[in-house]
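Welcome! Open the structure in your viewer and let's walk through its pockets together, one selection at a time.

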Amino acid sequence: MKFADILYCIQVSVRGATKRAVDTWSIYKLPVYLTCGIPTIDLVADGNAEARMEKLTHALELIRGYDSVAYTRFIHDMRRILIDDTIPLQAMYFIGTRSCTLRPELLEGTDATVATVLVHEGTHARLDVRKVIQTGARRKRVERICALAEIHFVSRFPPTSSLEKWLRQRHRYANSLR
């Protein structure tokens, strides 16, 4: 990872103020972690950044173990990961910047849960790299593709009754997006 890639200028939201990433990192002196080679910035100042980085690493290793294609695409397509407690959803992908933002509460879940969310966000990144428009009328179709990527990933896990229930629910969700 080149330093220039890490300092690639994007618009990010930091506590309600939009700043260029370079300025944000230098003004706020936020550490940049490399999680499996992906620059990761933790915007939550609660002293748990190391645990969150470890959780992200475990989740990415889980993806690599069960779906090496999804892992390779994620590493190639995602420029950075931000952890921020001010976003309205558990996870969001930012089109054009090739970055995703995760809420810290998400990283308190299981490795499998975090990995599944990363596969979903990584699918958004793959579509972004392929220049697929992800807004407006195509939004439902894009979300369906991301849900199907989750299903594909999770279906590789050893079967359990709770996993089968989750897969049925996710299939229903994906089918509702037609």
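Start with the second largest pocket: by class, its lining has eight nonpolar, three polar and three charged residues. Here Ala, Val, Leu, Ile, Met, Phe, Trp, Tyr, Cys and Pro count as nonpolar, Asp, Glu, Lys and Arg as charged, and the others, Gly among them, as polar. A pocket, on a 1 Å grid over the protein atoms alone, is an open set of points where a 1.4 Å probe fits, with protein on both sides within 12 Å along at least five of seven lines; lining residues have an atom within 4 Å of a point.

Before you click, remember that this is a predicted model, where local features need pLDDT of at least 70, side-chain atom pairs count only at pLDDT 80 or more, and totals for chains, interfaces and linings use all residues. Residues are numbered from 1 along each chain as its sequence is written, and side-chain values use heavy atoms, without hydrogens and water.

This pocket holds about 250 Å³ of space, a volume being the space filled by probe spheres set on the points, which are joined across faces, edges and corners. Now select Ala70, Arg73, Val119, Thr123 and Ala149, the closest to its centre of the 14 lining residues. Next, colour helix 5, which gives the most to this lining, with five residues. (Helices are DSSP runs of H or I, at least four residues, numbered from the N terminus.)

Move on to the largest pocket, with a volume of about 560 Å³. Select Val117, His120, Glu121, Glu150 and Arg170, the closest to its centre among 27 lining residues. Helix 5 gives the most here too, with seven residues.

Conventions: Helix = DSSP H or I, 4+ residues; strand = E, 2+ residues; numbered from the N terminus.
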